[in-house]
Amino acid sequence: MPMGRPFGVPVFVSPSWFPIALLVTIMFEGQVSDAVGRPASYLVAFTYALLLYGSVFVHELSHAVTARGLGLPVRSVTLNILGGETSIEREAPTPGREFLIAFAGPLVNIVLAALGIAAHYLLPLPPVAVLLVDALTIANLLVGVFNLLPGLPLDGGRLVRAAVWKITGHARSGAVAAAWIGRAVAVGCLLTGVWLASLPGRGFGWLALLWSAMVASTIWIGATHALRAERVRDRIPLLSARRLARRATLVTADTPLAEAVRRAQEAHAGALVVTDHDGRPLGLVSEKAVTATPEQRRPWITVGDLSRGLEPDLSLPADLTGEDLINALRRAPATEYLLLEPDGGVYGVLAVSDVDRAFAGI
């Protein structure tokens, strides 16, 4: 659900936020009811839920604003079931920038907690306001400290990554170290939940265990994703459009699909390219569209009926490799791309499914 564009950053709220807001309201209402009668206590408790997620929002927005200030494009900020997520389009180019972006979020929470403490002692607040301020102070302090735990995907993990990167000179070393520490943090969170649930007469019980399991699983998955991303990144330089290309059969748009498939099979080709009568490429035929067409209908359907016009970004140089190839695919998402020789001749067709298979087993 789009919620606006503060500082030019698109902000979204996931539907998963609503059940958590309801849960926070119900849990906090028990404390509010001692100071405010029902049903007003539910309104105050819901206000706390909104303010709590407001703190999370400011945390994520601080990441986004810092990243943009350092020249990195930000795709979005999303509030979800476990807090929030800032989507930055590319990674920081230096460990110093990585450190600043990561530290911005926890720093904001710690500053908010300090302001809450100051407000408690310096301002003449009514009892309900004191309750809200104290609860938000504790929440911001916990969020700030928790995010500083030294493991990916937490902000503290990014700080570890930046530190190891600075020491070793290799971003990969920092990411791998922070990811493994993140897995250890995940196990620690789960064991902490088990310990809290086992405490007699503390009222934690199954809720503490459930919440710790959710947090631990999220951290473990994030750390595992970071490790996998590094393995993928190791293989990116090995990518070559020429090596992954399929041989293409050139046919005109009025060629029956059955005949085009027969020619491709005869030439051991894996793709069809539609050309004009002078051999200039005009479009690509999707492999999915061919396989979805029953064989008995293929003699009555032309390749032109199944082809997609060649937009500029769908024609790529056959010599693309590594990051340049990945960036070209990101600019114009599609299932197939035409690969051209430097002289404009058709080299073949690059299928995204073949690129995916190049990463199989990672």
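First, the ground rules. This is a predicted model, where local features need pLDDT of at least 70, side-chain atom pairs count only at pLDDT 80 or more, and totals for chains, interfaces and linings use all residues. Residues are numbered from 1 along each chain as its sequence is written, and side-chain values use heavy atoms, with hydrogens and water left out.

UniProt, in an unreviewed entry, lists His59, His63 and Asp155 under "binding site". They are spread over 97 residues of sequence, yet they cluster in space, with a largest C-alpha distance of 10.7 Å. A word on the record: UniProt positions are in the numbering used here, feature names are shortened, and annotations may be inferred rather than shown by experiment.

Take His59. His59 sits in helix H2, residues 40–69. Helices here are DSSP runs of H or I with at least four residues, strands are runs of E with at least two, and both are numbered from the N terminus. Is His59 buried or exposed? His59 is buried, at 3% relative accessible area. Buried means under 20%, exposed means over 50%, and partly exposed lies in between, using a 1.4 Å probe and protein chains only.

Now Asp155. Asp155 belongs to helix H5, residues 155–168. Asp155 counts as buried because its relative accessibility is 6%. Its side chain makes a polar contact of 3.0 Å with the side chain of His59. The side chains of His59 and His63 are joined by another, at 3.2 Å. A polar contact is a pair of N or O atoms within 3.5 Å; within protein, one must be able to donate a hydrogen and the other to accept it, and residues adjacent in sequence count only if both atoms are side-chain atoms. Leaving out residues up to four places away in sequence, Asp155 touches His59, His63, Ala102, Pro106 and Asn147. Contact means heavy atoms within 4.5 Å.

Next, the active site. The unreviewed UniProt entry puts "active site" at Glu60. Glu60 is also found in helix H2. Glu60 counts as buried because its relative accessibility is 9%. Beyond four places in sequence, Glu60 touches Val77, Gly84, Glu85 and Thr86.

On to helix H12, residues 322–331. Gly322, Leu325, Ile326, Ala328 and Leu329 are buried there. The buried residues pack against several elements, including strand S9 (315–317), strand S10 and strand S11 (346–351).

Strand S10 brings us to the glutamate. Glu336 lies in S10, residues 336–340. Glu336 is buried but has no salt bridge; the nearest side chain of opposite charge is Arg246, 5.6 Å away. A salt bridge needs a side-chain nitrogen of Lys or Arg within 4 Å of a carboxyl oxygen of Asp or Glu. For charge, Lys and Arg count as positive, Asp and Glu as negative, and His and the chain ends are not counted. What does the side chain of Glu336 reach? The side chain reaches the backbone nitrogen of Glu287 at 3.2 Å. Glu336 also has a side-chain polar contact of 2.6 Å with Thr335.
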